[in-house]
Amino acid sequence: MSNLKMKEAALIYLDRSGGLQKFIDDCRSYNDSKQSYAVYRFNILINPSDITELDAELGNHILHQPLKAAQVFQSVCFTAVKTLSLIGQLQTETQINIVLKLTHLPQLRSYSLDLCEFPLDYASQRFYMMQGIVISMTTVTKYTQGARFLCSDGACPLSKGFQYIRVHVPGATESATVRNDFLCNLCSSSLQEDRKFRVLGDKQIVELITAKALQAFKGYSNNQPFRFQSLTIFLRDESVGKMNIGSEYKIIGIPTCVKTSQTAVCIEANSIIFCNPKVPSGISNNFKDLLSLTSNSCWKFTAILANIFASQIVPPGTYNLLKLCLLMSLVQTCDRNKELKDCLDILIITSDTLLIDRLLNFSINLVPRGIRNPVSTEIFPTLTRNKYGTGAVSIQAGSALLAKGGICFIGDLASHKKDKLEQLQSVLESRSITVYIPGKKFGNDVNQHMTFPVQCSFWSFVDMDSSSRKNMQKTNTLIGQMDCSLIPANLLETFGLLINCNESSSFYPLLSTVQHTLKKAIDPEGQLYVASKNFTTEDFEKLLAFAKNLNVEFSLEAERMIHGYYLASRRIRTDSISGSKLSASALKYLVSLAEAHARLSLRNKVLKEDALIAALLFETSLTLKYGATVFCVAPSAVFPFELYNEEYLEQRDIYLTQSQQQLQQFIATYGPGTAIFTSDE
């Protein structure tokens, strides 16, 4: 009676939810094909809340005994097929394969599978929800959805018909569905598969790690031990291809135990849900007060941010230009599962690699997807053999794909081999990476190519005092140009920003840095400056999280200034021999810089003041690469004075206002509409 009641509830739910009509439509598709199948597969969408409210027992079966619940729906669907004559070729109930697709699970801890907890429950054969980031995936292969077997004894009644049907169930291997040692229940003769009725489906294997485990890739330890383990997910049929490397998902599935060379816990995925983190509500009160106090200027707030940023690593007032660029790159990151278009790649030339390394490492820890790439690991995807013996190739993410929507810090550029630098250059130009899969090496007849978008910003540095650099003969350089002979010219061009951090300069005072280092060595946890107490690391994390989610739009003045500067700069940096020195991506970098400064200023509109900062930063970078031009910008143009007090901030505003007038004059002389431009230009 209980089983009959659940069947009635299942039929009522299908009717109310629209599932019955979808089932009828799917049956008609099978019937119209006029082909006889061993197995007819149907997906049924289940809302556990609705069905539990309708019938608690059936809802409990779906959540805790999903295989038995599927049999209830199988019986209901078979009755519907026969009653309504939906599929003429269908003979037995076992030919119907029902897959229950859940919309969600109850928000209770017992339904959540935390990848950091031990032990994992893989014996209950029920649904769990787990969340993680994809770190690897295989190519798509085939598996057996269902197969028809016949008794080998021709005199046995079961030597024909569809009495012996094998269907894949969660956790089953290929040999559990198809093998040659099955026996007839009637005469004990061996069963033989009727191969022409085998039904194949697509299969893909991915590996997840919990977002908590990303701290292992950040190059920073808080001395708190944690357990790091990936979890294997089996995707089948319509779920194949719905997950991307580097993205974060919620998975509803059934844990199972798979025996390979070592026993492993795996998940048969049932439903896949994108994860979009919550948008932060605001910033700290101290930053609110600072924003209010600097509201009379479009430049003061970001100047103070750069001045006090990372006071745990370097003294306030040092490396301001670099810190401003780092903050602007950080606010151009993205936590959501959407394409990151506005990357800000930074290459730093320095003589103090240890301090710069610490500063960059501190900065990447302020965003969820800040990944540090150790020299011993790969930046881009690599290939391995799949350990589950499915004949598929496993593609491992690499640091760049793992840093999706964030920052990939690759350390010293000189520590990477020539082929990796060439690969990096190609990625910076195209923002994608193509993985070549040789068929012969991995047991396939056909070679394959898979292309992945690379959606992160790259940070790196070069040691200007390295031994290899000292032994190189310096080439003749132009005014303002850095000797970058250690860096491949084509790679140098692909980085959006080139920054010179020379500690011998008056803007990088050595004494204060030495004093800071000594004090931190004596008291590592001590807060040496008032800025460290008033504006904590957590405050900066909140600020960046809020700023990068701001939707910004360009004002007409800012748009004209950006385009005018780009065209004018392109014009004066073009010669008849080598063509234009500005790459096609230069305009994108300018736009991204202006947007970043507006976001960092917590504004929704990009103003001409933001466009000025973008132009000055970009021109400073161009000068280091190619030398100075008519629009001559000083290396300290963005921070012409040390920021001791309000008076110096006012002087900086006056200086930047003058620079804005010079930029407008430069655009008026060399920009669009001037006499030196042809009609096509």
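**Exercise 1. Where is alanine 310 found, between which two helices?**

Let's start with some ground rules. This is a predicted model, in which local features need pLDDT of at least 70 and side-chain atom pairs count only at pLDDT 80 or more, while totals for chains, interfaces and linings use all residues. Residues are numbered from 1 along each chain as its sequence is written, and side-chain values use heavy atoms, with hydrogens and water left out.

Step 1. Alanine 310 lies in the loop between helix H8 (300–308) and helix H9 (320–331). Helices (H or I, at least four residues) and strands (E, at least two) are DSSP runs, numbered from the N terminus.

Step 2. Its phi is near 55 degrees, a positive value in a residue other than glycine. For background, most residues other than glycine have a negative phi.

Step 3. Alanine 310 counts as buried because its relative accessibility is 2%. Buried means under 20% relative accessible area, exposed over 50%, and partly exposed in between (1.4 Å probe, protein chains only).

Step 4. Now try aspartate 237, which is not a glycine but has a positive phi of about 55 degrees. Aspartate 237 sits in the loop between strand S8 (231–236) and strand S9 (248–259), and is buried at a relative accessible area of 13%.

**Exercise 2. Describe what surrounds glutamine 95.**

Step 1. Find glutamine 95 in the loop between helix H5 (66–84) and strand S2 (96–102). Glutamine 95 is buried, at 0% relative accessibility.

Step 2. Follow the side chain of glutamine 95: it reaches the backbone nitrogen of threonine 92 at 3.0 Å and the backbone oxygen of alanine 38 at 3.5 Å.

Step 3. Leaving aside neighbours within four places in sequence, the contacts of glutamine 95 (heavy atoms within 4.5 Å) include Tyr37, Leu90 and Phe162.

**Exercise 3. Which kind of aromatic pair do tyrosine 30 and tyrosine 37 form?**

Step 1. Rings of Phe, Tyr and Trp (its six-membered ring) pair if their centres lie within 6.5 Å; planes under 30 degrees apart count as stacked, over 60 as edge-to-face and the rest as tilted. The structure holds 20 aromatic pairs.

Step 2. Tyrosine 30 and tyrosine 37 are 5.4 Å centre to centre with 75 degrees between the planes, an edge-to-face pair.

Step 3. Tyrosine 30 is buried at 18%, whereas tyrosine 37 is partly exposed at 22%.

How values were computed
A polar contact is a pair of N or O atoms within 3.5 Å; within protein, one must be able to donate a hydrogen and the other to accept it, and residues adjacent in sequence count only if both atoms are side-chain atoms.
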